[in-house]
Amino acid sequence: MDPHPRAHVPLLVRIQADPVRGRRERGEAGALRPQRAVPQEHRQPAHRPAARQGARAHRRWKRHRKVVHPAFNMDKLKMMTVTMSDCAGSMMSEWKAKMEKGGDIEIELSSQFEELTADVISHTAFGSSYEQGKKVFLAQRELQFLAYSTVFNVQIPALRYLPTEKNLKIWKLDKEVRSMLMNIIKTRLENKDTMGYGNDLLGLMLEACAPEHGQNPILSMDEIIDECKTFFFAGHDTSSHLLTWTMFLLSTHPEWQEKLREEVLRECGNGAPTGDMLNKLQLVNMFLLETLRLYGPVAVIQRKACSDLEVGGIKVPEGTVLTIPIATIHRDKEVWGEDANEFKPMRFENGVTRAGKHPNALLSFSSGPRSCIGQNFAMIEAKAVIAMILQRFSFSLSPKYVHAPMGMITVRPKFGLPMVLMSLEM
Ligand code: HEM
């Protein structure tokens, strides 16, 4: 019996930028396919079939990407900025309410950002159906914890199908999540003639796969449900960790806190920032990119070779899993220069592609056709939240903070981010 479902898979760790260069390496020729760091069978409930590999899976991915793509277009995202700043505004009002007038307050920010990004994704994905969306999110999160709880244990494949206490809980939760999502989707479809599909991620996705665009809906109900679950899975922890590490670096580099505040007040004033205003925040953008380089939320991605190929002069047999250690590449002196370990946002002054010795050196959102579809969403959200914090508060790291970045897949501070905030309002 295999001690682990992947124990027989050859593994190649590639410590070079440009993991997906070249036609044969890119995937359209079917050479390299994503191999999720958390395998599908751990992200999806145990009784669902594992991800299919090969040409069929690639066609399925293309269909999905086509439907999801319009929801992430820049104009739609700019409209979502209002929702993002509303959610951030409510969080900050709560901070203020707890704060003595003119005094300061200590807050553990990483859990605050987890709640905030959950709120943002529930609002932007489900808009008017937010209340139900949030319930889905909480159930989905519990599912994720259950799945993660054994991901690094020795795996016995058959165990996934046995009605153990844990499996029964997972199956029940999954049924609930699917039925809640199905209800939200059915209500939207029933009301589309009077109310339209809606301007949230779900509505835009339903519109893109509506029958009027072809004979049959491009995605089935089950596939739309999976897509909604993916938004939560892919867009929550990642965005929250980016905010956490940005605040950490702003507090350890107070001179940058001042510079960014100056830029924010100049471009956005004291009001809620709009999408156009956020676009003008060049220093904030560079700061976020440098945060993504040194403390990128995703430390590792994997690809599986679907045919024999050559990567950087190494022959890779079909079936090999390539591990791309993003965090290691991001601190590689050969890629970033002698100052690779230093925090220097100005290295991005001439754009992302010129910051390192390779145009694809920054791999936080991966690269190529399978790169993160939510990257603009994540950057807009981070800019809006950071700008609003800078408008309202100055902050410094609490003496209680212990520097211990941790995580196998996403990187977060092990003991949270306690921060002392002072209101800037008189
Ligand atoms: C700072 C925030 C984020 C980071 C660092 C990040 C990073 C990544 C990375 C590295 C991948 C590639 C994974 C792989 O190839 O194995 C990815 C894929 C993906 N991300 Fe993100 N992500 C972020 C935010 C988001 C958000 C906010 C959403 C959606 C609302 C999202 C949706 C997705 C989806 C759907 C994919 C799969 C794309 C595909 O296979 O076509 N991500 N992300």
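1. The iron atom of the ligand has C372 as its only protein donor, through SG at 2.3 Å. This residue, C372, is found in the loop between α16 (333-336) and α17 (375-392). Please keep in mind, when reading this and the points below, that the model is a predicted one.

2. As for the overall make-up, the protein has 17 helices and 11 strands, and buried residues make up 51% of its 426 residues. Among contacts between residues at least 6 apart in sequence, 74% join residues that are at least 24 apart.

3. Helix α12 (residues 254-268) has 15 residues, which at 1.5 Å a residue should span 21 Å, and the distance of 21 Å between its end C-alpha atoms agrees with this. The buried residues of α12 are W256, Q257, L260, R261, E263, V264 and C268. Because these residues cover an arc of only 165 degrees around the axis, they lie on the same side of α12. The face turned away from that buried side carries E262 and R266, which are exposed.

4. What does the buried side of α12 pack against? The partners of its buried residues are the helices α11 (237-252), α13 (275-279), α14 (282-295) and α17, together with strand β8 (393-397). The residue that follows α12 is G269, whose phi is positive, near 60 degrees.

5. Strand β8 also belongs to an open sheet of three strands, in which the order is β3-β11-β8 and the pairing is antiparallel. The edges are taken by β3 (104-108) and β8, each of which has a single partner strand, so one side of each is left without a neighbour in the sheet. On average, and with direction ignored, neighbouring strands of this sheet are turned by 30 degrees against each other.

6. Within this sheet, β8 and β11 (residues 418-423) run antiparallel and are joined by five bridges; in one of the pairings, L397 has M419 in β11 as its bridge partner. Helix α5 (residues 109-126) packs on the sheet, where it touches β3 and β11, and its direction makes about 70 degrees with that of β3. Helix α11 packs on the sheet as well, touching β8 and β11, with a direction that makes about 85 degrees with that of β8.

7. How many of the 18 residues of α5 are buried? The count is 14, so α5 is largely enclosed by the rest of the structure. Its 18 residues should span 26 Å at 1.5 Å a residue, and the end C-alpha atoms, being 25 Å apart, agree with that expectation. Just after α5 comes G127, which takes a positive phi of about 40 degrees.

8. A separate point concerns strand β4 (residues 301-305), which is mostly covered, with four of its five residues buried. Strand β4 runs antiparallel to strand β7 (residues 321-324), and four bridges join the two. Within this pairing, I301 stands opposite I324 in β7.

Key: Residues are numbered from 1 along each chain as its sequence is written. This is a predicted model: local features need pLDDT of at least 70, side-chain atom pairs count only at pLDDT 80 or more; totals for chains, interfaces and linings use all residues. Side-chain values use heavy atoms; hydrogens and water are left out. Donors are N, O and S atoms within 2.8 Å of the metal (3.2 Å for Na, K and Ca); water is not among the atoms, so sites may look incomplete. The expected span of a helix is 1.5 Å times one less than its number of residues. Buried means under 20% relative accessible area, exposed over 50%, partly exposed in between (1.4 Å probe, protein chains only). The arc is that of the directions from the helix axis to the C-beta atoms. Contact means heavy atoms within 4.5 Å. Two strands pair if DSSP finds at least two bridges between them. Axes are lines fitted to C-alpha atoms, for helices over the stretch in contact, and angles run from 0 to 180 degrees between N-to-C directions.
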